[in-house]
Amino acid sequence: MAKLYFKYGAMGSSKTAQALITKYNYEENDLSVWLIKPSADTRDGQQILRSRIGLEAMVEVIPPEMDIYDRFRETKRGSCDVIIVDECQFLTEDQIDQLRTIVNDENIPVMCFGLRTDFQTRLFPGSRRLMEVADSILEIKTICDCGAKATVNARIDGSGHIITEGAQVVLGGNDSYIAMCHKCYIRGIRERKVIKLHGRP
């Protein structure tokens, strides 16, 4: 029986690399993969999915108004063995429900990779819905600079300070965000510490 999977991790936990490796493993076994990402993720161009370690693949972009189940029935039914979603936190709650329906009605496994929470430690809408309806929830672990498990995606300003207000979605990578444990995150805010980002000199 097919399942809906949610594999989440903080920034830098190689979620995209794992999504692309999973795609490769399916295709190596002659199985067809529908690789998709939300249109909110434009860092690598509209139709490219690229990991920090250099893996990349063509991807179909899903705008927020698209019904994923309808798109699947129109273009992929009968020719798709698995659906892999990167940056799934940017999908709408309705789109998560549409993926759930594909699993239920079409017996196609759906593997979602993404963040659980934003820079304020609040759940993204897509991630919240996945926490509610996924069959399997797995954390992809990464570490804080102190060595503890990182759970927070801290957004850092140009001066190296942690940002605590602003829009939920601001695209960026190592130049804007760093994964931290909650203790270091709170200490950084309270003490106005200057945080050194991995992507900055």
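Colleague: How many residues apart in helix α4 are R129 and E132, and what does that make in turns of the helix?

Modeller: R129 and E132 are three residues apart in helix α4, about one turn of the helix. Helices are DSSP runs of H or I with at least four residues, strands are runs of E with at least two, and both are numbered from the N terminus. The model is predicted, so local features need pLDDT of at least 70 and side-chain atom pairs count only at pLDDT 80 or more, while totals for chains, interfaces and linings use all residues. Residues are numbered from 1 along each chain as its sequence is written, and side-chain values use heavy atoms, with hydrogens and water left out.

Colleague: Why is the contact between R129 and E132 called a salt bridge?

Modeller: The term requires a side-chain nitrogen of Lys or Arg within 4 Å of a carboxyl oxygen of Asp or Glu. The closest N and O atoms of R129 and E132 are 2.9 Å apart, so the pair meets that limit. R129 and E132 also belong to a network of salt bridges with D97. A search of the whole structure finds 10 salt bridges.

Colleague: What makes R129 and E132 partly exposed?

Modeller: A residue is buried under 20% relative accessible area, exposed over 50% and partly exposed in between (1.4 Å probe, protein chains only). R129 has 22% and E132 has 48%, so both fall in the middle class.

Colleague: How do you know that R128 and E93 tie together separate parts of the chain?

Modeller: R128 forms a salt bridge with E93, the closest N and O atoms being 3.8 Å apart. R128 lies in helix α4 (residues 125–133) and E93 in helix α3 (residues 93–106), so the bridge joins parts 35 residues apart in sequence. R128 is partly exposed at 32%, as is E93 at 34%.

Colleague: What makes the charged end of R73 sit over the ring of Y69?

Modeller: A charge sits over a ring if NZ of Lys or CZ of Arg is within 6 Å of the ring centre and within 35 degrees of the ring normal. The charged end of R73 is 4.6 Å from the centre of the Y69 ring. The charged end of R155 likewise sits over a ring, that of F119, at 3.6 Å from its centre.

Colleague: Why is the pair of F6 and Y8 called tilted?

Modeller: The structure holds three aromatic pairs. For F6 and Y8, the distance is 5.6 Å centre to centre and the angle between the planes is 40°. Rings of Phe, Tyr and Trp (its six-membered ring) pair if their centres lie within 6.5 Å; planes under 30 degrees apart count as stacked, over 60 as edge-to-face and the rest as tilted. F6 is buried at 0% relative accessibility, and Y8 is buried at 11%.

Colleague: Why is the pair of W34 and F72 also called tilted?

Modeller: The ring centres of W34 and F72 are 6.4 Å apart and their planes are at 40°, so this pair is tilted. It links W34 in strand β2 (residues 33–38) with F72 in helix α2 (residues 68–75), 38 residues apart. W34, at 2%, is buried, and so is F72, at 1%.

Colleague: How do you know that the chain is as compact as a globular protein of its length?

Modeller: The chain has five helices and 10 strands. Its radius of gyration is 17 Å, close to the 17 Å that the globule rule gives for 201 residues, so the chain is as compact as a globular protein of that length. The radius is taken over C-alpha atoms, and the rule is 2.2 Å times the number of residues to the power 0.38. Of the 201 residues, 48% count as buried.
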